[in-house]
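This report considers a ligand site and then a strand. Please examine the sequence and structure shown here before reading on.

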Amino acid sequence: MNNKSVGILGIGKYVPEKKVTNDDLVSMGLDTSDEWIFERTGIRSRYIVSENETTSDLAYKAALKAVKDASLTVDDIDMIIVATTTPDYRLFPSTAAVVQNLLKINRPIPAFDVAAACSGFSYTLSIAENYIKSGHYKNVLVLGADVLSKNIDWTDRTTCVLFGDGAGAVILGEVEPEYGILYTKLYADGSCAEILKADGGTKSPLTEGFVRDKSHFIKMNGRLVFKEAVKVIDMSIKDLLDDCCLNLSDISYYVAHQANMRILDYVRQKQAFKTNQVLSNIDKYGNTSAASIPLVLDDFNHQFKKGDYIILNAFGAGFTWGVNLIRWSK
Ligand code: ACO
(Lines give C-alpha, C1' and ligand atoms only; values in the text may rest on other atoms or scores of the structure.)
Protein backbone atom coordinates (compact mmCIF):
# COMPACT_ATOMS: atom_id res chain seq x y z
CA MET A 1 0.00 0.00 0.00
CA ASN A 2 1.46 3.41 -0.87
CA ASN A 3 0.76 6.81 0.65
CA LYS A 4 -1.59 8.09 -2.04
CA SER A 5 -4.31 10.44 -0.77
CA VAL A 6 -7.73 9.47 -2.09
CA GLY A 7 -10.71 11.79 -2.20
CA ILE A 8 -13.84 12.91 -4.00
CA LEU A 9 -13.23 14.29 -7.51
CA GLY A 10 -16.90 14.73 -8.47
CA ILE A 11 -20.42 14.35 -7.04
CA GLY A 12 -23.87 13.88 -8.52
CA LYS A 13 -27.34 12.82 -7.48
CA TYR A 14 -30.65 11.87 -9.00
CA VAL A 15 -34.09 11.50 -7.47
CA PRO A 16 -37.19 10.42 -9.39
CA GLU A 17 -39.58 13.04 -10.75
CA LYS A 18 -42.58 12.00 -8.70
CA LYS A 19 -42.74 13.90 -5.40
CA VAL A 20 -45.03 12.53 -2.69
CA THR A 21 -45.78 14.87 0.22
CA ASN A 22 -47.11 13.80 3.60
CA ASP A 23 -50.46 15.29 2.62
CA ASP A 24 -50.41 13.18 -0.55
CA LEU A 25 -50.12 10.07 1.66
CA VAL A 26 -53.20 11.20 3.59
CA SER A 27 -55.03 11.80 0.30
CA MET A 28 -54.10 8.23 -0.75
CA GLY A 29 -56.06 6.99 2.29
CA LEU A 30 -53.22 6.38 4.77
CA ASP A 31 -54.28 6.93 8.39
CA THR A 32 -51.60 9.52 9.22
CA SER A 33 -51.00 13.26 9.11
CA ASP A 34 -48.34 15.74 8.06
CA GLU A 35 -48.02 16.80 11.73
CA TRP A 36 -47.41 13.22 12.99
CA ILE A 37 -44.82 12.43 10.33
CA PHE A 38 -42.97 15.75 10.49
CA GLU A 39 -42.87 15.92 14.28
CA ARG A 40 -41.48 12.38 14.67
CA THR A 41 -39.22 12.15 11.62
CA GLY A 42 -38.58 15.60 10.10
CA ILE A 43 -39.87 14.33 6.75
CA ARG A 44 -42.17 16.50 4.57
CA SER A 45 -41.84 14.69 1.25
CA ARG A 46 -40.05 11.92 -0.61
CA TYR A 47 -39.48 11.05 -4.31
CA ILE A 48 -40.80 7.77 -5.68
CA VAL A 49 -39.92 5.88 -8.87
CA SER A 50 -42.46 5.20 -11.59
CA GLU A 51 -43.52 1.61 -12.20
CA ASN A 52 -40.84 0.95 -14.83
CA GLU A 53 -38.02 2.87 -13.18
CA THR A 54 -35.23 0.86 -11.49
CA THR A 55 -32.35 1.35 -9.09
CA SER A 56 -29.89 1.31 -12.00
CA ASP A 57 -31.84 4.04 -13.81
CA LEU A 58 -31.36 6.37 -10.83
CA ALA A 59 -27.74 5.30 -10.37
CA TYR A 60 -26.95 5.88 -14.05
CA LYS A 61 -28.29 9.44 -13.99
CA ALA A 62 -26.41 10.27 -10.77
CA ALA A 63 -23.23 8.75 -12.24
CA LEU A 64 -23.35 10.95 -15.35
CA LYS A 65 -23.54 14.05 -13.15
CA ALA A 66 -20.62 12.92 -10.96
CA VAL A 67 -18.46 12.18 -14.01
CA LYS A 68 -19.20 15.66 -15.39
CA ASP A 69 -18.55 17.29 -12.01
CA ALA A 70 -15.14 15.58 -11.92
CA SER A 71 -14.40 16.94 -15.44
CA LEU A 72 -13.88 13.35 -16.62
CA THR A 73 -15.63 11.10 -19.14
CA VAL A 74 -16.99 7.59 -18.62
CA ASP A 75 -13.83 6.35 -20.40
CA ASP A 76 -11.86 7.41 -17.33
CA ILE A 77 -13.80 5.12 -14.94
CA ASP A 78 -11.99 1.89 -14.19
CA MET A 79 -14.22 0.34 -11.50
CA ILE A 80 -17.88 0.62 -10.45
CA ILE A 81 -19.22 -0.20 -6.99
CA VAL A 82 -22.90 0.21 -6.11
CA ALA A 83 -24.05 0.22 -2.50
CA THR A 84 -27.61 -1.07 -2.61
CA THR A 85 -29.98 -3.51 -0.97
CA THR A 86 -32.68 -2.95 -3.58
CA PRO A 87 -30.98 -4.25 -6.73
CA ASP A 88 -32.64 -4.38 -10.16
CA TYR A 89 -32.57 -8.20 -10.04
CA ARG A 90 -33.36 -10.24 -6.93
CA LEU A 91 -30.28 -12.47 -7.20
CA PHE A 92 -28.17 -11.43 -10.17
CA PRO A 93 -26.76 -9.76 -12.17
CA SER A 94 -25.46 -6.98 -9.95
CA THR A 95 -26.83 -3.48 -10.34
CA ALA A 96 -23.25 -2.29 -10.89
CA ALA A 97 -22.98 -4.45 -14.02
CA VAL A 98 -26.26 -2.99 -15.29
CA VAL A 99 -24.93 0.53 -14.65
CA GLN A 100 -21.73 -0.28 -16.55
CA ASN A 101 -23.86 -1.24 -19.57
CA LEU A 102 -26.07 1.87 -19.28
CA LEU A 103 -22.94 4.04 -19.21
CA LYS A 104 -21.81 2.24 -22.41
CA ILE A 105 -18.51 1.25 -20.84
CA ASN A 106 -17.51 -1.57 -23.16
CA ARG A 107 -14.20 -2.28 -21.43
CA PRO A 108 -14.42 -5.24 -19.00
CA ILE A 109 -13.83 -3.17 -15.85
CA PRO A 110 -14.86 -4.68 -12.49
CA ALA A 111 -18.38 -3.82 -11.32
CA PHE A 112 -20.01 -5.17 -8.16
CA ASP A 113 -22.60 -4.39 -5.47
CA VAL A 114 -22.11 -4.02 -1.74
CA ALA A 115 -24.99 -4.88 0.59
CA ALA A 116 -24.62 -3.08 3.91
CA ALA A 117 -28.10 -1.48 3.96
CA CYS A 118 -28.03 2.20 4.96
CA SER A 119 -24.30 1.91 5.80
CA GLY A 120 -23.51 0.92 2.23
CA PHE A 121 -22.00 4.23 1.17
CA SER A 122 -19.43 4.29 4.02
CA TYR A 123 -18.48 0.68 3.31
CA THR A 124 -18.21 1.26 -0.43
CA LEU A 125 -16.15 4.43 -0.08
CA SER A 126 -13.63 2.49 1.98
CA ILE A 127 -13.41 -0.39 -0.52
CA ALA A 128 -12.85 2.02 -3.41
CA GLU A 129 -10.28 4.02 -1.44
CA ASN A 130 -8.21 0.90 -0.81
CA TYR A 131 -8.30 -0.22 -4.44
CA ILE A 132 -7.01 3.21 -5.48
CA LYS A 133 -4.36 3.30 -2.74
CA SER A 134 -3.11 -0.12 -3.82
CA GLY A 135 -2.53 1.27 -7.30
CA HIS A 136 -4.89 -1.19 -9.00
CA TYR A 137 -7.48 1.39 -10.09
CA LYS A 138 -7.45 5.15 -10.65
CA ASN A 139 -10.98 6.56 -10.90
CA VAL A 140 -13.68 4.54 -9.15
CA LEU A 141 -17.38 5.31 -9.55
CA VAL A 142 -18.97 4.84 -6.12
CA LEU A 143 -22.76 4.83 -5.96
CA GLY A 144 -25.34 4.66 -3.17
CA ALA A 145 -28.68 3.84 -4.81
CA ASP A 146 -31.90 2.47 -3.41
CA VAL A 147 -35.53 2.09 -4.42
CA LEU A 148 -37.20 1.30 -1.13
CA SER A 149 -40.63 2.29 -2.44
CA LYS A 150 -40.92 -1.09 -4.19
CA ASN A 151 -40.06 -2.90 -0.97
CA ILE A 152 -42.50 -1.35 1.48
CA ASP A 153 -46.13 -2.01 2.27
CA TRP A 154 -47.86 1.23 1.31
CA THR A 155 -50.69 0.42 3.74
CA ASP A 156 -48.30 0.10 6.72
CA ARG A 157 -48.09 3.60 8.18
CA THR A 158 -45.31 2.59 10.58
CA THR A 159 -42.83 2.11 7.72
CA CYS A 160 -44.07 3.62 4.46
CA VAL A 161 -43.94 7.24 5.63
CA LEU A 162 -40.20 6.98 6.29
CA PHE A 163 -38.63 6.03 2.98
CA GLY A 164 -37.89 7.54 -0.42
CA ASP A 165 -35.94 6.61 -3.56
CA GLY A 166 -32.71 8.14 -4.86
CA ALA A 167 -29.13 7.71 -5.97
CA GLY A 168 -25.93 9.57 -5.14
CA ALA A 169 -22.62 9.14 -6.92
CA VAL A 170 -19.04 10.16 -6.34
CA ILE A 171 -15.92 9.66 -8.40
CA LEU A 172 -13.09 8.71 -6.09
CA GLY A 173 -9.51 9.26 -7.17
CA GLU A 174 -6.13 10.58 -6.12
CA VAL A 175 -6.08 14.05 -4.53
CA GLU A 176 -3.26 16.20 -3.20
CA PRO A 177 -1.45 14.89 -0.11
CA GLU A 178 -3.21 15.24 3.27
CA TYR A 179 -6.64 15.77 1.69
CA GLY A 180 -9.42 13.32 0.94
CA ILE A 181 -10.39 10.35 3.11
CA LEU A 182 -8.25 10.55 6.25
CA TYR A 183 -9.93 7.90 8.38
CA THR A 184 -12.47 5.08 8.11
CA LYS A 185 -13.82 2.59 10.61
CA LEU A 186 -16.50 0.05 9.72
CA TYR A 187 -18.53 -2.04 12.14
CA ALA A 188 -21.27 -4.69 12.31
CA ASP A 189 -23.31 -6.46 14.99
CA GLY A 190 -25.30 -9.27 13.42
CA SER A 191 -27.18 -10.00 16.65
CA CYS A 192 -29.53 -7.12 15.76
CA ALA A 193 -30.69 -8.66 12.46
CA GLU A 194 -34.34 -9.04 13.44
CA ILE A 195 -35.05 -5.42 14.45
CA LEU A 196 -34.86 -4.15 10.87
CA LYS A 197 -35.26 -6.63 8.03
CA ALA A 198 -36.92 -7.63 4.78
CA ASP A 199 -37.60 -11.38 4.53
CA GLY A 200 -37.73 -13.38 1.32
CA GLY A 201 -34.18 -14.75 1.18
CA THR A 202 -33.01 -18.30 1.91
CA LYS A 203 -34.37 -18.05 5.47
CA SER A 204 -37.91 -17.58 4.21
CA PRO A 205 -38.15 -18.11 0.44
CA LEU A 206 -40.72 -16.24 -1.64
CA THR A 207 -43.79 -18.45 -1.83
CA GLU A 208 -47.18 -17.36 -3.11
CA GLY A 209 -48.64 -17.24 0.40
CA PHE A 210 -45.62 -15.40 1.74
CA VAL A 211 -46.04 -12.64 -0.82
CA ARG A 212 -49.84 -12.57 -0.36
CA ASP A 213 -49.27 -11.96 3.37
CA LYS A 214 -46.89 -9.10 2.48
CA SER A 215 -44.18 -10.83 4.50
CA HIS A 216 -41.46 -9.73 2.06
CA PHE A 217 -41.81 -6.03 2.87
CA ILE A 218 -39.58 -4.08 5.26
CA LYS A 219 -40.29 -4.75 8.95
CA MET A 220 -38.91 -2.52 11.65
CA ASN A 221 -39.03 -2.21 15.41
CA GLY A 222 -38.73 1.58 15.37
CA ARG A 223 -37.97 2.02 19.05
CA LEU A 224 -35.18 -0.58 19.10
CA VAL A 225 -33.72 0.85 15.90
CA PHE A 226 -33.66 4.30 17.51
CA LYS A 227 -31.86 2.96 20.60
CA GLU A 228 -29.32 1.00 18.58
CA ALA A 229 -28.70 3.86 16.17
CA VAL A 230 -27.87 6.45 18.83
CA LYS A 231 -25.62 3.94 20.63
CA VAL A 232 -23.52 3.10 17.56
CA ILE A 233 -23.36 6.73 16.44
CA ASP A 234 -21.91 7.71 19.83
CA MET A 235 -19.38 4.89 19.60
CA SER A 236 -18.22 5.76 16.11
CA ILE A 237 -17.88 9.51 16.69
CA LYS A 238 -15.85 8.84 19.84
CA ASP A 239 -13.60 6.37 17.98
CA LEU A 240 -12.99 8.86 15.18
CA LEU A 241 -12.20 11.82 17.43
CA ASP A 242 -9.93 9.72 19.71
CA ASP A 243 -8.10 7.96 16.86
CA CYS A 244 -7.60 11.19 14.88
CA CYS A 245 -6.79 13.32 17.98
CA LEU A 246 -9.48 15.82 17.02
CA ASN A 247 -12.15 17.75 18.92
CA LEU A 248 -15.67 18.43 17.73
CA SER A 249 -14.69 22.06 17.21
CA ASP A 250 -12.23 20.90 14.50
CA ILE A 251 -15.13 19.41 12.49
CA SER A 252 -16.72 21.66 9.86
CA TYR A 253 -19.71 19.42 9.04
CA TYR A 254 -21.31 16.24 10.30
CA VAL A 255 -23.14 14.26 7.59
CA ALA A 256 -25.07 11.30 9.00
CA HIS A 257 -27.34 8.82 7.30
CA GLN A 258 -30.69 10.62 6.99
CA ALA A 259 -32.82 8.06 8.85
CA ASN A 260 -34.80 10.35 11.03
CA MET A 261 -34.53 13.98 12.23
CA ARG A 262 -35.09 12.91 15.81
CA ILE A 263 -32.00 10.72 15.68
CA LEU A 264 -30.01 13.64 14.22
CA ASP A 265 -31.36 16.05 16.87
CA TYR A 266 -30.50 13.59 19.63
CA VAL A 267 -26.92 13.23 18.32
CA ARG A 268 -26.52 17.00 17.92
CA GLN A 269 -27.54 17.60 21.53
CA LYS A 270 -25.65 14.65 23.02
CA GLN A 271 -22.40 15.51 21.20
CA ALA A 272 -22.94 19.28 21.54
CA PHE A 273 -22.56 19.87 17.82
CA LYS A 274 -23.45 23.41 16.75
CA THR A 275 -26.67 23.51 14.71
CA ASN A 276 -24.86 24.52 11.51
CA GLN A 277 -22.39 21.62 11.79
CA VAL A 278 -25.14 19.01 11.33
CA LEU A 279 -26.33 18.86 7.71
CA SER A 280 -29.72 17.46 6.78
CA ASN A 281 -32.06 17.20 3.81
CA ILE A 282 -34.38 14.51 5.18
CA ASP A 283 -37.31 16.94 4.94
CA LYS A 284 -37.13 16.76 1.12
CA TYR A 285 -36.14 13.15 0.41
CA GLY A 286 -37.05 11.00 3.45
CA ASN A 287 -34.77 8.06 4.21
CA THR A 288 -33.11 6.98 0.96
CA SER A 289 -30.92 4.28 2.58
CA ALA A 290 -27.51 3.96 0.86
CA ALA A 291 -28.17 7.13 -1.17
CA SER A 292 -28.75 9.42 1.78
CA ILE A 293 -25.14 10.48 2.54
CA PRO A 294 -24.18 11.29 -1.08
CA LEU A 295 -27.49 13.17 -1.48
CA VAL A 296 -26.44 15.42 1.41
CA LEU A 297 -22.93 15.84 -0.03
CA ASP A 298 -24.40 16.88 -3.36
CA ASP A 299 -26.96 19.28 -1.85
CA PHE A 300 -24.36 21.02 0.34
CA ASN A 301 -21.40 20.73 -2.07
CA HIS A 302 -21.62 24.46 -2.83
CA GLN A 303 -20.91 25.43 0.77
CA PHE A 304 -17.93 23.12 1.40
CA LYS A 305 -14.54 24.83 1.33
CA LYS A 306 -11.17 23.27 0.63
CA GLY A 307 -9.75 21.96 3.90
CA ASP A 308 -13.12 21.46 5.64
CA TYR A 309 -13.16 18.42 7.91
CA ILE A 310 -16.36 16.45 7.22
CA ILE A 311 -17.55 13.41 9.17
CA LEU A 312 -19.68 10.87 7.30
CA ASN A 313 -21.56 8.57 9.68
CA ALA A 314 -23.75 5.74 8.37
CA PHE A 315 -25.85 3.17 10.25
CA GLY A 316 -28.39 0.62 9.16
CA ALA A 317 -29.75 -2.88 9.17
CA GLY A 318 -27.48 -5.66 10.33
CA PHE A 319 -26.80 -3.67 12.45
CA THR A 320 -23.98 -2.16 10.40
CA TRP A 321 -22.37 1.22 10.83
CA GLY A 322 -19.37 3.16 9.64
CA VAL A 323 -17.60 6.48 9.99
CA ASN A 324 -15.32 8.33 7.56
CA LEU A 325 -13.40 11.56 8.01
CA ILE A 326 -12.87 13.57 4.84
CA ARG A 327 -10.71 16.65 4.40
CA TRP A 328 -12.45 18.38 1.52
CA SER A 329 -10.18 18.69 -1.47
CA LYS A 330 -12.36 20.05 -4.26
N1 ACO B 1 -49.05 8.15 11.45
C2 ACO B 1 -49.81 8.20 12.54
N3 ACO B 1 -49.67 7.36 13.58
C4 ACO B 1 -48.72 6.44 13.50
C5 ACO B 1 -47.86 6.32 12.37
C6 ACO B 1 -48.06 7.22 11.32
N7 ACO B 1 -47.31 7.21 10.21
N8 ACO B 1 -47.00 5.33 12.60
C9 ACO B 1 -47.28 4.81 13.80
N10 ACO B 1 -48.31 5.48 14.34
C11 ACO B 1 -48.97 5.26 15.62
C12 ACO B 1 -48.80 3.84 16.12
O13 ACO B 1 -49.76 2.99 15.53
C14 ACO B 1 -48.98 4.00 17.59
O15 ACO B 1 -50.37 4.09 17.85
P16 ACO B 1 -50.98 3.44 19.19
O17 ACO B 1 -50.34 4.17 20.31
O18 ACO B 1 -52.44 3.71 19.03
O19 ACO B 1 -50.61 1.98 19.14
C20 ACO B 1 -48.37 5.37 17.87
O21 ACO B 1 -48.32 6.07 16.62
C22 ACO B 1 -46.98 5.30 18.44
O23 ACO B 1 -46.24 4.36 17.67
P24 ACO B 1 -44.73 4.12 17.92
O25 ACO B 1 -44.21 3.09 16.96
O26 ACO B 1 -44.51 3.87 19.38
O27 ACO B 1 -44.17 5.54 17.50
P28 ACO B 1 -42.82 6.21 17.89
O29 ACO B 1 -43.09 7.39 18.72
O30 ACO B 1 -41.82 5.20 18.36
O31 ACO B 1 -42.34 6.75 16.47
C32 ACO B 1 -40.74 6.14 14.78
C33 ACO B 1 -42.10 5.83 15.41
C34 ACO B 1 -40.77 7.54 14.21
C35 ACO B 1 -40.47 5.15 13.67
C36 ACO B 1 -39.68 6.03 15.90
O37 ACO B 1 -39.74 4.79 16.55
C38 ACO B 1 -38.30 6.22 15.39
O39 ACO B 1 -37.88 7.34 15.15
N40 ACO B 1 -37.55 5.13 15.23
C41 ACO B 1 -36.26 5.14 14.62
C42 ACO B 1 -36.34 4.23 13.44
C43 ACO B 1 -35.98 4.89 12.16
O44 ACO B 1 -35.61 6.02 12.05
N45 ACO B 1 -36.04 4.09 11.12
C46 ACO B 1 -35.64 4.54 9.82
C47 ACO B 1 -35.24 3.40 8.99
S48 ACO B 1 -33.94 2.53 9.71
C49 ACO B 1 -32.49 3.14 9.21
O50 ACO B 1 -32.43 3.89 8.31
C51 ACO B 1 -31.28 2.72 9.94
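## The shell around the ligand

Helix α8 contributes the most residues to the shell around the ligand, namely 4; helices are DSSP runs of H or I with at least four residues, strands are runs of E with at least two, and both are numbered from the N terminus. The model is predicted, so local features need pLDDT of at least 70 and side-chain atom pairs pLDDT 80 or more, whereas totals for chains, interfaces and linings use all residues. Residues are numbered from 1 along each chain as its sequence is written, and side-chain values use heavy atoms, without hydrogens and water.

The ligand is surrounded by 22 residues, with Thr-32, Arg-157, His-257, Asn-260 and Asn-287 the closest; a residue counts as near if one of its heavy atoms lies within 4 Å.

## Polar contacts

A polar contact is a pair of N or O atoms within 3.5 Å. The side chain of Asn-260 places an N or O atom 2.5 Å from a ligand oxygen, and that of Thr-32 places one 2.6 Å from a ligand nitrogen.

## Strand β4

Strand β4 (residues 79-83) is largely enclosed by the rest of the structure, because 5 of its 5 residues are buried, that is, under 20% relative accessible area with a 1.4 Å probe and protein chains only. Met-79, Ile-81 and Ala-83 point one way, while Ile-80 and Val-82 point the other.

Strand β4 runs parallel to β6 (residues 140-147), joined by 5 bridges; strands pair if DSSP finds at least two bridges between them. Within β6, Gly-144 is the bridge partner of Ala-83.

How values were computed
A polar contact is a pair of N or O atoms within 3.5 Å; within protein, one must be able to donate a hydrogen and the other to accept it, and residues adjacent in sequence count only if both atoms are side-chain atoms. Buried means under 20% relative accessible area, exposed over 50%, partly exposed in between (1.4 Å probe, protein chains only).
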